[in-house]
Amino acid sequence: MIRIPGIVWVMLLFSAPLWSDEVTSFADREDLDPVLVQSGYEWLTPESKALQDDEFENPGWLWVERGRQLFASDSGEPSCASCHQTSDLIFSSSATRFPRWSDSQQTLINLEGQINQCRELRMARESFALESSEMLSLTAFVSQLARGQPVNVALTEEVKPFWQAGRDYFFRRKGQMNLACSQCHDERAGQRLRGDLISQGHPNGFPLYRYEWQSLGSLHRRLQDCDAGIRAEPQPLGSEIYLSVELYLAWRAGGLTLESPAIRR
Amino acid sequence: MIRISIPQSADLGEVIEIKAMIQHPMESGYRRDEMGRTIPRDIVAHFSCRFESQVVFKTDWGPGMAANPLLTFFARVNRAGTFYFEWKDLNGKAFKTERAIEINR
């Protein structure tokens, strides 16, 4: 009989995926059971839930109000309101359908990308920087119009490769800690990560107000934080891989309703 | 951005609830950026609420306040008039707004 030193046993114990087939072990977890899909709201304390529900005290509404102003008037120049009516149901629910395929740009775009496309092509103005106060205010305002409506992205043939890339990113181990998104947000949702509850990682509240940021922020900023947290290389805001992840996450959260501006820790 | 929650009208002598929130980073001056440089302190240090010429509520803040500070306070309304809200930051820059209130007949 071959004797195996104790230390090797310990190593094997903590490195299970090295000798199980990584892909097949995750395949059956690919899709969360729709009955079990839970918004990050469900993991909040009662106080934070109350703050999110209070349309005055929720600080995210500061950005929504600013977005309402930006949307309506742009000092005499054409504004968003020149083309879009907030009473139009197709427009007011548009935030539920991003990210989506853009025929004119021949790529996947999210709400931020759509706003900048409008500004450049229709309004002949400079685009807004991602995470700028103006961009966050406008995305918060447009997302807020669709509050309570279910996430509803279209998985067309054009966006399939992006969806696949996003899914691969979600299940790929990366960074110094060698962790995949799925290991926390699929397999350990509801368990504790130090003092914090791990959520299922759904994007239905973005842009949202995070206590840690003391500010509103987009999904891509959150993804950068996640990647930094597992000591992986954060990808640029608005990069193709984050857009792909955004699409995969939106698809994964299908059925959850939009909550922006949400409150999260 | 400033958000104020106040009733448009009140009964004579009624105590009303006023909420005032201002969008502000409230940078404490203790944090450092990625390069190790101190991020300069930038906080709203003074808030006051006047009813016409009379000060109703006044407070001074330090660097411990969180971003986007929200205040809730109460005032008795004895006549119709205007509430004036003013925030002042450390550089002396003022943020002002006002809300009129009427007496129910």
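Axes here are lines fitted to C-alpha atoms, for helices over the stretch in contact, and angles run from 0 to 180 degrees between N-to-C directions. The model is predicted.

Start inside chain A. Helix 12 of chain A spans residues 219–229, and helix 13 of chain A spans residues 240–252. Their axes lie 10 Å apart, and the packing angle is about 100 degrees. Angles of 65 to 115 degrees count as roughly perpendicular, so helix 12 of chain A is roughly perpendicular to helix 13 of chain A. Helix 12 of chain A brings A:Leu219, A:His220, A:Leu223, A:Gln224 and A:Asp227 to the contact. Helix 13 of chain A answers with A:Tyr242, A:Leu243, A:Val245, A:Glu246 and A:Leu249. By class, this contact has six nonpolar, two polar and two charged residues.

Now turn to the two chains. Here 13 residues of chain B are in contact with 14 residues of chain A. The size of an interface is often given as the accessible area lost when the parts come together. Between chain B and chain A, about 1,200 Å² is buried, and carbon and sulfur atoms give 62% of that area. On the chain B side, B:Met1, B:Arg3 and B:Gln23 lose the most area to chain A. Together they account for 50% of what that side buries.

Polar links also cross between the chains. Two salt bridges are counted between chain B and chain A. In a salt bridge, the side chains of A:Glu57 and B:Lys19 meet at 3.1 Å, N to O. Six residue pairs are in polar contact across the interface of chain B and chain A, both residues at pLDDT 80 or more.

Which strand of chain B gives the most to the side that touches chain A? Strand 3 of chain B does, with four residues. The residues of that side of chain B divide into eight nonpolar, three polar and two charged.

Definitions and conventions:
Residues numbered from 1 in each chain as written. Chains lettered and ligands numbered in written order. Predicted model: local features only at pLDDT ≥ 70, side-chain atom pairs only at ≥ 80, totals over all residues. Heavy atoms only, no water. Helix = DSSP H or I, 4+ residues; strand = E, 2+ residues; numbered from the N terminus. Parallel < 35°, antiparallel > 145°, perpendicular 65-115°, else oblique. Contact = heavy atoms within 4.5 Å. Nonpolar A, V, L, I, M, F, W, Y, C, P; charged D, E, K, R; others polar. Buried area = accessible area lost by both parts, 1.4 Å probe. Salt bridge = Lys/Arg side-chain N within 4 Å of Asp/Glu carboxyl O. Polar contact = N/O pair within 3.5 Å; in protein donor to acceptor, adjacent residues only side chain to side chain.
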